[in-house]
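Please keep the sequence and the structure in view while reading.

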Amino acid sequence: MKTEIKFAILYVLASFIWSCIEYLTGLESTHINLHPYFVTPFYILLTAVIYVLAVREKRASLGGRITFSKAVVTGIILSLLILVLNPISFYVFNTFINPDFFKDFAQYKIHTENMTKESADAYYNFNNLLIRGSLYRCVMGIVATFLTSWFSKKNISSHVG
């Protein structure tokens with residue numbers, strides 16, 4: 001479980017640093033229109049790298065051999081740990097670094113997509129984005145788990161256990 005904890009912390013830390021970079025570069029304010037073009041690719045890449053590295057380290061800790069099921073379990077545990085740790089990072093960022101995050105995004109959507117203030121406020125708030133972001137990370141993690149386990153099957157032993 002040491003591997004999963006290590007990589008969950010690395011994922012959440014990298015995600016937090018990325019959020020700070022978004023904030024500092026204006027992707028959450030003056031360049032908010034560019035936000036989706038940078039954020040989604042970053043999280044896909046981050047997820048892929050973290051899960052590949054976690055499965056490799058887990059395999060190394062098991063003597064260089066890992067079953068498909070153990071690789072999947074590693075990824076699922078990693079996903080669950082990220083699901084638990086992510087709210088802390090999300091809270092710290094939105095409370096202390098960019099408390100205007102929700103307001104800015106709501107305003108942007110009101111002006112660019114003719115979204116009503118009520119709809120924008122209902123969508124862009126801490127609880128809604130925490131739930132959506134956590135579920136997104138969890139689903140991406142589980143997909144990454146299966147892809148990583150599948151594509152690294154040449155390095156996975158065929159024995160059960």
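## Overall make-up

The model is a predicted one, and everything described here should be read with that in mind. The chain contains six helices and zero strands, so that, read along the sequence, its pattern is α-α-α-α-α-α. Taken along the principal axes, the box filled by the C-alpha atoms is roughly 60 × 25 × 25 Å.

## Helix 1 against helix 2

Helix 1 spans residues 2–25, and helix 2 spans residues 35–61. The axes of helix 1 and helix 2 come within 10 Å and cross at roughly 160°; because angles over 145 degrees count as roughly antiparallel, the two helices are described as roughly antiparallel to each other. Their crossing is right-handed.

On the helix 1 side, the contact is made by T3, E4, K6, F7, L10, Y11, A14, S15, W18, S19 and E22, while helix 2 contributes H35, F38, V39, F42, Y43, L46, T47, I50, L53, A54, E57 and K58. By class, the residues of this contact divide into 13 nonpolar, five polar and five charged.

## Helix 2 against helix 6

Helix 2 also meets helix 6, which covers residues 126–151. Here the axes come within 9 Å and cross at roughly 50°, and the two helices are therefore oblique to each other. Helix 2 passes helix 6 in a right-handed crossing.

The residues of helix 2 that take part are T40, Y43, I44, T47, Y51, V52 and V55, and they meet Y136, R137, M140, G141, A144, T145 and T148 in helix 6. Sorted by class, this contact has eight nonpolar, five polar and one charged residues.

## Helix 3 against helix 6

Helix 3, made up of residues 68–97, packs with helix 6 at an angle of about 155°, and the axes of the two lie 9 Å apart. That angle makes helix 3 roughly antiparallel to helix 6. The crossing of helix 3 and helix 6 is right-handed, and the residues of their contact divide into 16 nonpolar, eight polar and one charged.

## The largest pocket

The largest pocket holds about 850 Å³ of space. It is lined by 31 residues, of which H35, V39, F101, F105 and L129 are the closest to its centre.

Which helices each supply at least two residues of the lining? They are helix 1, helix 2, helix 3, helix 4 (residues 101–112) and helix 6, and among them helix 6 gives the most, with seven residues. By class, the lining of the largest pocket has 16 nonpolar, 10 polar and five charged residues.

Methods. Residues are numbered from 1 along each chain as its sequence is written. This is a predicted model: local features need pLDDT of at least 70, side-chain atom pairs count only at pLDDT 80 or more; totals for chains, interfaces and linings use all residues. Side-chain values use heavy atoms; hydrogens and water are left out. Axes are lines fitted to C-alpha atoms, for helices over the stretch in contact, and angles run from 0 to 180 degrees between N-to-C directions. Helices (H or I, at least four residues) and strands (E, at least two) are DSSP runs, numbered from the N terminus. Angles under 35 degrees count as roughly parallel, over 145 as roughly antiparallel, 65 to 115 as roughly perpendicular and the rest as oblique. A crossing is left-handed if the near helix is turned anticlockwise from the far one by less than a right angle, and right-handed if clockwise. Contact means heavy atoms within 4.5 Å. Ala, Val, Leu, Ile, Met, Phe, Trp, Tyr, Cys and Pro count as nonpolar, Asp, Glu, Lys and Arg as charged, and the others, Gly among them, as polar. On a 1 Å grid over the protein atoms alone, a cavity is a set of points where a 1.4 Å probe fits but cannot get out, and a pocket is an open set with protein on both sides within 12 Å along at least five of seven lines; lining residues have an atom within 4 Å of a point. Grid points are joined across faces, edges and corners, and a volume is the space filled by probe spheres set on the points.
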